Amino acid sequence: MGHEPVTGRLEYLRALTRNRPGKPAANENHYCETIAFLAEHAYPAAHLSRASRLAMRNGTTGAGELLANGLITEDAYYRTLADHAGRKFIAPEDIAEILKGDPQPVGEALSSATAWCRLTDGTVHPVAAPSPDAPVITQNLIARRGGKDMRIALTVPSVLRRAAIARLRDTLGEEAGFRLANEMPAASAKHGASAWHGFALAVMLLVAATGLFVAPATAVVTIHVLVSLFFLANIALRLAATFGFRRECPTPLARFENAERPVYSVVVALYREASVAHDLVASLKSLNWPRLKLEIKLVCEEDDRRTLAELENQKLDNRFEIVRVPRLGPRTKPKALNYALPLCSGAFVTLFDAEDRPHPDQIEEAWQTFRRSQSRIAALQAPLVIANPRRNWIAGLFHIEYAAQFRGLLPFLTRLGLPVPLGGTSTHFRGIMAV
């Protein structure tokens, strides 16, 4: 049974208990340290107990579980924390501008928990927004209760994160679109074909034209034979995969404690996909992974208003973040994914398309495969299956093609140690954020 976030009700309950003669003993119910103080502010004990149990089970914090499971709003938690610690709380609507500080690397800027801000009344004030798992919450704020310290105010972390992303917008867009071309020009298609490509193409065209002019019949037969050999090689490869087919039984999923599971990042690029947004979000919500250890980035072009509006109308919880890609450089899926990757914090990253409906256990199976392989495997390709193969004969042919590709050819290439073409969706990567 779910619970609605507590916002205004919190103030009402606090008012009812303000005149009670005594206070409960400090953390007598053994709540997680990051949320125990909420008991003194009349927060429901059932929510605190549930969050504390989840924190112990998942190796996380009670504050993070409260927020991830929608048991408290970000505003309510940090407002109460500020009141408990004798700090000033600055609401997001009271912040007019986050002032720019010294230049920082992208990673540090996105994770920064402090900033100077200009308020709507014109004053400038330092603010802090520690993440729910930050030691400063228990060591500096909760432990030092008493008195008033207005030098540094508290606010919600999402405010500083949005401000950091807005400040780094052009930098992230420039790197997403042009970093490969600047650092590895030979691997980029920005400049088109190289001189060697042009020279080789010119030689082939010259030879073909000369042959057609000097000996047309021989030239036509030669071209026909070469093209036929190319297609024959493709057919031979698929026939070899067919005769070398091995039925592989799925490895049963082992049982692990949630505390062992890492943070997993899911990145989905969408463009003009408003019609499938609802089904996509519902499918992503069904993924079996601890809520606090799953982050889902929905990546859209900033001018794709219909898709953005449809996503904003969905009931997105704290796992989701809508990423708006600026109109800088090429408008392609790789550029959109490159823009979102620095915003990910997962030890593993997977890519989905908007029309994908991943199996709820796909992330679990991928992680366990990575875990068994230690560091031998850097990427995994999950098989794609057509959802409606009986709809018509075209869908049936797609079903056969996908089955041959993902159940036959790719495993065959893997066994031979040959390069494997990745699908670009349902693809999982290890340690990509460390590259």
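Biologist: Which residues of α10 meet which residues of α15?

Modeller: Contact means heavy atoms within 4.5 Å, and helices here are DSSP runs of H or I with at least four residues, numbered from the N terminus. In this predicted model, where local features need pLDDT of at least 70, side-chain atom pairs count only at pLDDT 80 or more, whereas totals for chains, interfaces and linings use all residues. Residues are numbered from 1 along each chain as its sequence is written, and side-chain values use heavy atoms, with hydrogens and water left out. On that basis, Leu237, Arg238, Ala240 and Ala241 of α10 meet Gln405, Gly408, Leu409, Phe412 and Leu413 of α15.

Biologist: At what angle do α10 and α15 pack?

Modeller: Axes are lines fitted to C-alpha atoms, for helices over the stretch in contact, and angles run from 0 to 180 degrees between N-to-C directions. Helix α10 (residues 216-243) and helix α15 (residues 393-415) pack at about 95°, their axes 9 Å apart. Angles of 65 to 115 degrees count as roughly perpendicular, and α10 and α15 are therefore roughly perpendicular to each other.

Biologist: Which residues of α12 are buried, and which are exposed?

Modeller: Buried means under 20% relative accessible area and exposed over 50%, with a 1.4 Å probe and protein chains only. In helix α12 (residues 305-313), Thr307, Leu308 and Leu311 are buried. Because these residues cover an arc of only 100° around the axis, they lie on the same side of α12; the arc is that of the directions from the helix axis to the C-beta atoms. Arg305, Arg306 and Asn313, on the other side of α12, are exposed.

Methods. Helix = DSSP H or I, 4+ residues; strand = E, 2+ residues; numbered from the N terminus. Parallel < 35°, antiparallel > 145°, perpendicular 65-115°, else oblique.
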